[in-house]
Amino acid sequence: MRQKRYSSDLTDSQWEQIKSYFATGRRRKYHLRYHVLDAILYIVKTGTQWRMLPGGFAPWQTAYYYFRRWREEGRIRCILSITCRSARRRAGRHGEPSALIVDCQSVPSARTGGISSFDAFKKVKGRKRHIAVDMQGLLWGLVVHAAGDHETQWALQLLAPVASRLSRVETVFADQAYRGLEETIDRELDWELQVVESDDKPGFSVDPKRWIVERTYGWFGGWRRLDREYERRTDSSETMVRFAMLRIVLNRLD
């Protein structure tokens with residue numbers, strides 16, 4: 001156990017929720033919780049560079065090795081799906097949602113290379129985080145792509161993997177950018193796409209259902225690594241978001 005602790009670290013009860021998905025039964029030089037998982041969460045929370053990890057964690061090469069390995073395995077995606085089900089049951093709901101909300105967030109890119117383009121509507125050069133959440137704001141689908149790509153180009157790539165994992169979904173709520181996909185979603189996924197109309201009245205207004213996905217994006221704002229797109233690879237960006245969301249969900253189970 002490290003001497004210095006940080007607010008981004010997992011608590012004992014949170015580690016108990018997920019430790020079975022990391023146990024291998026062999027001794028390691030660095031503890032997966034204290035030296036690796038906490039190191040990755042520290043990076044996502046503070047936005048620091050890998051090479052600037054504090055000395056109490058594993059060397060950055062070791063932490064990044066596990067980050068890359070778990071990204072390729074899809075392990076964090078699977079653990080997040082399991083914990084989201086647990087959080088829904090804790091709230092008295094069915095483990096799987098019956099409705100989802102989709103939306104995009106344009107995020108400026110740092111000078112790290114990789115896929116990037118200009119979103120003419122939001123006036124942002126970078127990438128879009130395309131997510132699908134349930135009525136609790138919990139993340140079930142995520143794809144990161146160039147900001148200049150329209151939502152309709154990636155909607156099926158976002159939702160098709162979700163459909164393969166969830167059997168109860170019947171309805172998807174979206175804004176007007178997704179108009180025209182109703183027949184495609186019905187044919188390919190057997191889901192109903194409902195386009196939520198925005199209130200054209202002047203001043204601030206809350207759009208039905210869509211405020212939930214906007215709140216999820218607001219949660220991401222508490223994680224500095226997500227303020228901009230620092231990752232060269234889009235799957236690394238997705239994994240960073242999933243780590244942040246995993247910690248958020250674990251807070252509900254703590």
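How many salt bridges does the count come to in this structure? The count comes to 23 salt bridges, and it is taken from a predicted model rather than from an experiment.

**Salt bridges**

- Side chains of opposite charge can pair when their charged atoms come close.
- Asp9 and Arg2 are joined through their side chains in a salt bridge, with a nitrogen-to-oxygen distance of 2.6 Å, and both of these residues are buried.
- Asp235 takes part in a salt bridge with Arg71, where the N to O distance is 3.8 Å.
- This pair ties together distant parts of the chain, since Asp235 belongs to helix α8 whereas Arg71 belongs to helix α3 (residues 60-73), and 164 residues separate them.
- Of these two partners, Asp235 is partly exposed, because its relative accessibility is 21%, while Arg71 is buried, because its relative accessibility is 10%.
- Asp235 also forms a salt bridge with Arg233, and here the closest N and O atoms lie 2.6 Å apart.
- Arg233 has a relative accessibility of 39% and therefore counts as partly exposed.

**Packing of helices α7 and α8**

- Two packed helices are described by the angle between their axes and the distance between the axes.
- Helix α7, which covers residues 210-220, packs against helix α8, which covers residues 234-253, at an angle of about 100 degrees and with 10 Å between the axes.
- Because angles from 65 to 115 degrees count as roughly perpendicular, the two helices α7 and α8 are described as roughly perpendicular to each other.
- On the side of α7 the contact is made by Thr216, Trp219 and Phe220, and on the side of α8 it is made by Val241, Met245, Ile248 and Arg252.
- Sorted by class, the residues in this contact of α7 with α8 are five nonpolar, one polar and one charged.

- Gln176 has a relative accessible area of 39%, so it is classed as partly exposed.
- When its neighbours within four places in sequence are left aside, Gln176 is in contact with Val195, Val196, Glu197 and Ser198.
- For Glu197, the separation from Gln176 is 21 residues in sequence, and the distance from C-alpha to C-alpha is 6.6 Å.

**Cysteines**

- A disulfide is a covalent bond between the sulfur atoms of two cysteines.
- The count of disulfides in this model comes to zero.
- Cys84 is in no disulfide, and the nearest cysteine sulfur, which belongs to Cys78, is 12 Å away.

Notes: Residues are numbered from 1 along each chain as its sequence is written. This is a predicted model: local features need pLDDT of at least 70, side-chain atom pairs count only at pLDDT 80 or more; totals for chains, interfaces and linings use all residues. Side-chain values use heavy atoms; hydrogens and water are left out. Axes are lines fitted to C-alpha atoms, for helices over the stretch in contact, and angles run from 0 to 180 degrees between N-to-C directions. Helices (H or I, at least four residues) and strands (E, at least two) are DSSP runs, numbered from the N terminus. Angles under 35 degrees count as roughly parallel, over 145 as roughly antiparallel, 65 to 115 as roughly perpendicular and the rest as oblique. Contact means heavy atoms within 4.5 Å. Ala, Val, Leu, Ile, Met, Phe, Trp, Tyr, Cys and Pro count as nonpolar, Asp, Glu, Lys and Arg as charged, and the others, Gly among them, as polar. Buried means under 20% relative accessible area, exposed over 50%, partly exposed in between (1.4 Å probe, protein chains only). A disulfide is a pair of cysteine sulfur atoms within 2.5 Å. A salt bridge is a side-chain nitrogen of Lys or Arg within 4 Å of a carboxyl oxygen of Asp or Glu.
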